[in-house]
Amino acid sequence: MPTAAAAHARENDAVWDLARPVRPSRVPGVVLSGFSDRGPAPVDHRIDPHPVMTLALACGDGAPVIHDHTGRRQSGSLVTGLGFGSGGAARIQAAHVEWMQVRLSPVIAREVLGVEPADLEGTVVPLADLWGHRQAARLAGQLGAAATWEERFALVETLLARRSAAQPGIEAELAWAWDRILADHHHVRISGLAAELGWSRKRLWSRFHARIGLPPKRAVRLVRFDRAATLLAQGQEAARVAADCGYTDQSHLHRDVVAFSGVTPSRLAGLTLVPPDDLAWADHVPRLG
């Protein structure tokens, strides 16, 4: 059975029960987690951007509500693109619901979702728009009927494995470039990546943007911000985070954090739905390698 941890939102009195699988997903590039709202107050929390595409799957009748930067409100099973939440205007609201979070590497997103990641950049769309209303509703019913989170994880893994096997993958060169950015974001240079691939910078930019969902340079910035946000939430000082994550100085960290999250590093450090002990797992970015 998955273990669970009570995740407290420091913006209010809401509480999540966080469920996680007992073993890593058997589908490469996927991280699964389950959330149950058990708090005395409804959840109303900011959404920060991550270098993943995310499926928020309703487990039964209830579902979280996501507000994008325009104020548009969407509920049910949803899909967010890379960079969704940039600027700090997006929010998630929920009250006594259960839902599954599926974090997808953009490398396999086209296989699983049936759409190019670039088409979803920075947006949130209903899953029914991608898979059809019948399949989205059937999945929500199956997840709601499952007796345990482990059954839900197995159900979703089987579905993702079947969908990914039915579609061709992206170029191996792009998968390598993405994992290289994840592993070495503070040292990687786009010109160096292109040279190692034997590609021109123009070709790398156009192919990477189309198939991964962001231009390479912004992808590096997003991965670096994600790592910095995790370290800040774990209580590390901003100066150390700036040095560890490859920022030129603390002012550089400050500018990037404000650009991506809409708040300062000190403010961001206190805004998480997940306890610091679970951040290393909950903020994990799936890789293929």
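Helix 9 is followed by G246, whose phi is positive, near 90°. The structure is a predicted model, in which local features need pLDDT of at least 70, side-chain atom pairs count only at pLDDT 80 or more, and totals for chains, interfaces and linings use all residues. Residues are numbered from 1 along each chain as its sequence is written, and side-chain values use heavy atoms, with hydrogens and water left out. The protein contains 12 helices and 11 strands; these are DSSP runs numbered from the N terminus, helices being H or I with at least four residues and strands E with at least two.

**Overall burial and contacts**

- Of the 289 residues in the protein, 53% are buried (buried means under 20% relative accessible area, exposed over 50%, and partly exposed in between, with a 1.4 Å probe and protein chains only).
- Among contacts between residues at least 6 apart in sequence, 72% join residues at least 24 apart (contact means heavy atoms within 4.5 Å).

**Helix 9 and its surroundings**

- In helix 9 (residues 238-245), the buried residues are A238, V241, A242 and C245.
- Seen down the axis of helix 9, these buried residues fall within an arc of 100°, so they line one face of the helix (the arc is that of the directions from the helix axis to the C-beta atoms).
- R240 and A243 are exposed on the other side of helix 9.
- The buried residues of helix 9 pack against helix 8 and helix 10.

**Packing of helix 8 on helix 10**

- Helix 8 (residues 216-233) packs with helix 10 (residues 250-261) at an angle of about 100°, and their axes are 10 Å apart (axes are lines fitted to C-alpha atoms, for helices over the stretch in contact, and angles run from 0 to 180 degrees between N-to-C directions).
- Helix 8 is therefore roughly perpendicular to helix 10 (angles of 65 to 115 degrees count as roughly perpendicular, under 35 as roughly parallel, over 145 as roughly antiparallel and the rest as oblique).
- From helix 8, R218, R221, L222, R224, F225, A228 and L232 meet H252, L253, D256, V257, A259, F260 and S261 of helix 10.

**H185**

- H185 lies in the loop between helix 5 (172-183) and helix 6 (190-197).
- With a relative accessibility of 10%, H185 counts as buried.
- Leaving aside residues up to four places away in sequence, H185 touches R180, V220, V223, R224, R227 and C245.

**Strand 5**

- Strand 5 (residues 53-58) is largely enclosed by the rest of the structure, because 6 of its 6 residues are buried.
- M53, L55 and L57 point one way from strand 5, whereas T54, A56 and A58 point the other way.
- Strand 5 runs antiparallel to strand 10 (residues 98-104), to which 6 bridges join it (two strands pair if DSSP finds at least two bridges between them).
- In strand 10, M100 stands opposite L57.
- Strand 5 is also joined by 3 bridges to strand 8 (residues 78-80), again antiparallel, and V79 in strand 8 is the bridge partner of L55.

- Four strands form an open sheet in the order 4-9-6-7, with antiparallel pairing.
- Strand 4 (43-46) and strand 7 (73-75) are the edge strands, each pairing on one side only.
- Neighbouring strands of this sheet are turned by 20° against each other on average, direction ignored.
- Strand 6 (residues 65-67) and strand 9 (residues 91-94) run antiparallel and are joined by 3 bridges, with R91 in strand 9 the bridge partner of H67.
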